[in-house]
Amino acid sequence: MVFDKTKWGQKEGDKYIFRNQMLKDVVYNDTIRTLHKKELIDLLGEPDRINNNHLYYEISRTGIGSWSINEKTMVVKIKADNTTIDWIKIHG
């Protein structure tokens, strides 16, 4: 599925509906990889978590209550200049 900003943010309950289908288009998109941090956040929305210049976007999660059993996350590492993307990877 091709990336769509509106669909990227859509949730049913606490689960993102379309992120898993759009994931490859985001991760391997040369245009997205050239964005600055602010532009990326404007496009994808606020990350679910930020830690040491790493932006974490939840893709999918299964679990029981607050316990995660299986989680897939897209991680975006921002370079030391705090503005440009170093890499984008899938974790999980």
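Two residues are in contact here when they have heavy atoms within 4.5 Å of each other. Among contacts in the protein chain between residues at least 6 apart in sequence, 35% join residues at least 24 apart. Please keep in mind that this is a predicted model, in which local features need pLDDT of at least 70 and side-chain atom pairs count only at pLDDT 80 or more, while totals for chains, interfaces and linings use all residues. Residues are numbered from 1 along each chain as its sequence is written, and side-chain values use heavy atoms, with hydrogens and water left out.

**Overall layout**

- The protein chain has four helices and six strands, where helices (H or I, at least four residues) and strands (E, at least two) are DSSP runs numbered from the N terminus.
- Read from the N terminus, the order of elements is α-β-β-α-α-α-β-β-β-β.
- The radius of gyration, taken over C-alpha atoms, is 13 Å, close to the 12 Å that the globule rule gives for 92 residues, so the chain is as compact as a globular protein of that length. The globule rule is 2.2 Å times the number of residues to the power 0.38.
- Along the principal axes, the C-alpha atoms fill a box of roughly 40 × 30 × 20 Å.
- Of the 92 residues, 34% count as buried. Buried means under 20% relative accessible area, exposed means over 50%, and partly exposed lies in between (1.4 Å probe, protein chains only).

**The nonpolar core**

- In soluble globular proteins, nonpolar side chains tend to be buried together.
- A nonpolar core is a set of buried Ala, Val, Leu, Ile, Met, Phe, Trp, Tyr and Cys residues joined through side-chain atoms within 4.5 Å.
- The largest such core holds 20 residues, and Trp8, Leu40, Leu44, Met74 and Val76 touch the most other members. Two or more residues each come from α2 (19-27), α4 (37-44), β4 (54-64), β5 (67-78) and β6 (85-91), and α2 gives the most, with four residues.
- Leaving aside neighbours within four places in sequence, Leu44 is in contact with Phe3, Trp8, Arg19, Val26, Tyr57 and Met74.

**Helix faces**

- An α-helix has 3.6 residues a turn, so residues three or four places apart point the same way.
- Arg19, Met22, Leu23, Val26 and Val27 are buried in α2. Seen down the axis of α2, these buried residues fall within an arc of 140°, so they line one face of the helix. The arc is that of the directions from the helix axis to the C-beta atoms.
- The buried residues of α4 are Lys37, Leu40, Ile41 and Leu44. They cover an arc of only 95° around the axis, which puts them on the same side of α4.

**Backbone points to check**

- Most residues other than glycine have a negative phi, and most peptide bonds are trans.
- Asn53, in the loop between β3 (49-51) and β4, has a positive phi of about 60° although it is not a glycine. Its relative accessible area of 28% makes Asn53 partly exposed.
- Asn82, in the loop between β5 and β6, is likewise not a glycine and has a positive phi of about 65°. At 37% relative accessibility, Asn82 is partly exposed.
- Gly45 follows α4 and has a positive phi near 90°.

**Salt bridges**

- The whole structure contains five salt bridges, each a side-chain nitrogen of Lys or Arg within 4 Å of a carboxyl oxygen of Asp or Glu.
- Asp48 pairs with Arg19, with the closest N and O atoms 3.4 Å apart. This pair links distant parts of the chain, 29 residues apart: Asp48 is in the loop between α4 and β3, and Arg19 is in helix α2. Asp48 is partly exposed at 40% relative accessible area, whereas Arg19 is buried at 2%.
- Lys77 and Asp86 meet through their side chains at 3.2 Å, N to O. Lys77 is partly exposed at 25%, and Asp86 is partly exposed at 35%.
- Salt bridges that share partners join Asp14, Glu58 and Arg61 into one network. Within it, the closest N and O atoms of Arg61 and Glu58 are 3.6 Å apart, and Glu58 is buried at 14% relative accessibility.
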